[in-house]
Every structure is written in C-alpha cells, then in structure tokens.
Amino acid sequence: MIKNEMDSIGCFWGFQNESFTTSHGARDPSVPKILVVLTDGQSTDSMATALMADQLHRAGIKVVTIGIGQNVRKSELTVIATDRNHVFTADDFKSLATLQKDLQMETCRSMSNAIYRLIFF
C-alpha cells in the first residue's frame, strides 16, 4: 500500500479497517488505539488524506504525526493528527531520538491510566 510518495488513502484505510480490529490483535474498546504516522513528504491527495484522517479520529484512534525534513507541510500534519499537541517535526531521521521523551509524554497522556511503554528501535 505504501509507495515512494505518501499513499495516505490506502494506508489510512488499512489501519482503520484492518490493523485496529480485534481480528488483527486490537484489544477491547477500553484500550487506547494510537497510530504514529511518520512522513518525509506530502500527501498526493490532501483532500482524501483529510477525509481518511477524520474517519480515524471518529473511530477513536489517536493519531500522532511526525514530519521529517524540509519537504513536509505542517498544516497537513495538523489535519492528520488528533490535535496540535500530536504534531511533531524533526530536521532529519537522525534527530528522531530527540523526540522520544515528547512522544512518550503525549501518547501516554492519551492512554490515561493504562499501562504503557513506548519503545524506539
């Protein structure tokens, strides 16, 4: 589904309709569903991206966006993310490690009292 450019329609559809279902390992509705989107580009269809992001939000999936490099559009990251607090940027892939603490804080805030552990490889 993912190509060299951001194929947001197919990608987001797959997350909502496949990845976050109980048949694919999702837990009961009390367990938060968090999607982290990393991109170093822009969507090929910004209107479709906005519609799919809205569907993810309505499905209760928290979306965190991370734009990497100079070719991202911050306004698009904001549309995709659950809210402005879920938007992050990094100058390059090497600097992603500096975002780790901020990401842990924001994703764990979304989880309320749930046990969490965000791991970076």
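Let's start with Glu76 and its contacts. Setting aside neighbours within four places in sequence, Glu76 is in contact with Gln42, Ser43, Ser46 and Thr49. One caution before going on: this is a predicted model. Glu76 belongs to helix H3, residues 74-80.

Now, buried or exposed, and does a partner come with that? Glu76 is buried, yet has no salt bridge. The nearest side chain of opposite charge is Arg73, 4.1 Å away.

Arg58 and Asp54 make it, with their side chains meeting at 2.7 Å, N to O. Why is this pair well placed along the chain? Both sit in helix H2, residues 46-58, and because they are four residues apart, about one helical turn separates them. Look at their surroundings too. Arg58 is exposed, with a relative accessible area of 69%. Asp54 is partly exposed, at 33% relative accessibility. Keep the general point in mind: side chains of opposite charge can pair when their charged atoms come close.

On to the sheet. Three strands form an open sheet, in the order E1-E2-E3, and the pairing is parallel. Which strands lie at the edges? Strand E1, 33-39, and strand E3, 87-90, each pair on one side only. From one strand to the next, the twist averages 20°.

Take strand E2, residues 61-68, and its partners. Seven bridges link E1 and E2 in the parallel sense. Four bridges join E2 to E3, again running parallel. How covered is E2? Seven of its eight residues are buried.

Val37 stands opposite Thr65 in E2. Thr65 in turn stands opposite Val87 in E3. Next along, Ile66 stands opposite Phe88 in E3.

What hand do the crossovers have? From E1 the chain passes through H2 to E2, and that β-α-β crossover is right-handed. E2, H3 and E3 also make a right-handed β-α-β unit.

H3 holds Glu76, which is buried without a salt bridge.

Definitions and conventions. Residues numbered from 1 in each chain as written. Predicted model: local features only at pLDDT ≥ 70, side-chain atom pairs only at ≥ 80, totals over all residues. Heavy atoms only, no water. Helix = DSSP H or I, 4+ residues; strand = E, 2+ residues; numbered from the N terminus. Buried < 20%, exposed > 50% of the residue type's maximum accessible area, 1.4 Å probe, protein only. Lys, Arg positive; Asp, Glu negative; His and termini not counted. Salt bridge = Lys/Arg side-chain N within 4 Å of Asp/Glu carboxyl O. Contact = heavy atoms within 4.5 Å. Pairing = 2+ DSSP bridges. Axes fitted to C-alpha atoms, helices over the stretch in contact; angles between N-to-C directions. Right-handed = clockwise from strand over helix to strand, strands pointing away.
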